[in-house]
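Please read this briefing with the sequence and the model side by side. It takes the points up by topic.

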Protein chains: 2
Amino acid sequence: MKYSSGILEDAVLALNSLPSVGKKTALRLILHLLKDDTGKVDKIVHSLQDLKENLKTCTSCFNYSDRDTCDICLSPERVKTTLCIVESVRDVMAIEDTNQYSGLYHVLGGVISPLNGIGQEQLNMHTLFTRIKENQIEELILALSPTVDGDTTSYFISKNLENTNVKISTIARGVSFGGELEYADEITLGRSILARTPYSLTID
Amino acid sequence: MKYSSGILEDAVLALNSLPSVGKKTALRLILHLLKDDTGKVDKIVHSLQDLKENLKTCTSCFNYSDRDTCDICLSPERVKTTLCIVESVRDVMAIEDTNQYSGLYHVLGGVISPLNGIGQEQLNMHTLFTRIKENQIEELILALSPTVDGDTTSYFISKNLENTNVKISTIARGVSFGGELEYADEITLGRSILARTPYSLTID
């Protein structure tokens, strides 16, 4: 692509550095911004600067926050003795969107993955065990990805808490609600048959 | 989507204001930027500010440029008596990429579109006729999108130059009908410049 302007080219290349934004898409976005007169450029520039300078990580659960402690950890309505262990901030958002969970979170920042050189030292793992001990955590919900690495991490955490009274559970695995049974993968379907639950006539 | 941070939400909404960037995509991009340690945020912020403050429009052809007159208009190698009329800067880039054209350009900034309230006053049309007269332009290549509005604009320009000696041609209709010029592939676009046909006021 030949650019008539170095400034234009720099802007396209800057956006092109984002994942799944190709040069043509980047150019389209830049030309859109050039034609815009509603201050989108200012908003983007300002919010990115704000993000870089002011976004904090909650010192307790490692969720992103505007303050040192996040709203979830500060909320008096949340059950302080239950922790849900997730890989990333996106998982916190996904679970919060369900409105089904009222405890606190702990963001690991990934899962143990020996092949990628990620051990417990690279994750928020030490702080998790300190937190469990210091805050008298009673229940732990492991909400990690159902992958080999996720399972390894779940095993590591539960093994470390073997001699404590902390009740550990994982989120239910099975066929998704509203999904067609024939499209469920064999492993999920097989496991969901093995892990069948008693049928109840009342909806809870 | 529930955000743990107002700063995070603002950044997501700012990117979400771009065309074809949904909230989930915006969140993915922002989380990518938060994990990045190669200075992508700075690059994006700086290049967008630069774009807003320093990008100029060529006073002659209305292409984007770093200076008051663009590189194409300044180049001693370009044929100064031939003008290629295009709708947008993207069309200039598309034609430049073919390496088949050595004249100058004139960016109209759109096409005449009565339904959208765009007349010749909203376009760089007056400057085109002034430029043709003052610079002894000998040849005009109409490279507008093969749509009703594009054809109307071509007709308007050629009608205005009816009693002059300017030779007018349109790029060959190798480009598909009803398609936008910027999506044409380079070979088709290049061939269609070489195989330009004399413009006729009657539709054949």
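The points below cover the contact between the chains, the sheets and some single residues.

This is a predicted model, in which local features need pLDDT of at least 70 and side-chain atom pairs count only at pLDDT 80 or more, while totals for chains, interfaces and linings use all residues. Residues are numbered from 1 along each chain as its sequence is written, and chains are lettered from A and ligands numbered from 1 in the order in which they are written. Helices (H or I, at least four residues) and strands (E, at least two) are DSSP runs, numbered from the N terminus.

**Contact between the chains**

- In all, 45 residues of chain A are in contact with 44 residues of chain B, contact being defined as C-beta atoms, placed from the backbone, that lie within 7 Å.
- On the side of chain B that touches chain A, at least two residues each come from H1, H2, H3, strand S2 (64-65), helix H4 (71-74) and helix H5 (89-98) of chain B, and H3(B) gives the most, with twelve residues.
- By class, this side of chain B holds 23 nonpolar, ten polar and eleven charged residues, where Ala, Val, Leu, Ile, Met, Phe, Trp, Tyr, Cys and Pro count as nonpolar, Asp, Glu, Lys and Arg as charged, and the others, Gly among them, as polar.

**Helix H3 of chain A**

- Helix H3 (residues 40-54) of chain A has 15 residues and spans 20 Å from its first C-alpha to its last, close to the 21 Å expected at 1.5 Å a residue, the expected span being 1.5 Å times one less than the number of residues.
- Ile44(A), Val45(A), Ser47(A), Leu48(A) and Leu51(A) are buried in H3(A); a residue is buried if 20 or more other C-beta atoms lie within 10 Å of its own, exposed if 12 or fewer, and partly exposed in between, with C-beta atoms placed from the backbone.
- The cover over the buried residues of H3(A) includes helix H1 (6-16), helix H2 (23-35) and helix H3 (40-54) of chain B.

**The sheet of chain B**

- Five strands of chain B form an open sheet with mixed pairing, in the order S4-S3-S5-S6-S7, where two strands pair if DSSP finds at least two bridges between them.
- The edge strands of this sheet, each pairing on one side only, are strand S4 (103-107) and strand S7 (197-198) of chain B.
- Strand S3 (residues 79-86) of chain B pairs with S4(B) in the parallel sense over five bridges; among the bridge partners in S4(B), Leu104(B) belongs to Leu83(B) and His106(B) to Ile85(B).
- The chain crosses from S3(B) through H5(B) to S4(B) in a right-handed β-α-β crossover; right-handed means that, with the strands pointing away from the viewer, the path from the first strand over the helix to the second runs clockwise.
- H5(B) lies across S3 and S4 of chain B and runs at about 125 degrees to S3(B), with axes taken as lines fitted to C-alpha atoms, for helices over the stretch in contact, and angles running from 0 to 180 degrees between N-to-C directions.
- S4(B) is mostly covered, since four of its five residues are buried.

**The sheet of chain A**

- An open sheet of four strands in chain A has parallel pairing and the order S4-S3-S5-S6, with strand S4 (103-107) and strand S6 (167-170) of chain A as its edge strands.
- The twist in this sheet averages 25 degrees from one strand to the next.
- Strand S3 (residues 79-86) of chain A and S4(A) are paired in the parallel sense over five bridges, and Leu104(A) in S4(A) is the bridge partner of Leu83(A).

**Single residues**

- Tyr101(A), in the loop between H5 and S4 of chain A, is partly exposed because 18 other C-beta atoms lie within 10 Å.
- Leaving aside neighbours within four places in sequence, Tyr101(A) is in contact with Cys84(A) and Ile95(A).
- Most residues other than glycine have a negative phi.
- Gln136(A), although not a glycine, has a positive phi of about 50 degrees, and Gln136(B), also not a glycine, has a positive phi of about 50 degrees.
- Gln136(A) lies in the loop between helix H6 (126-134) and strand S5 (139-142) of chain A and counts as exposed because it has 10 C-beta neighbours inside 10 Å.

Technical notes. Two residues are in contact if their C-beta atoms, placed from the backbone, lie within 7 Å.
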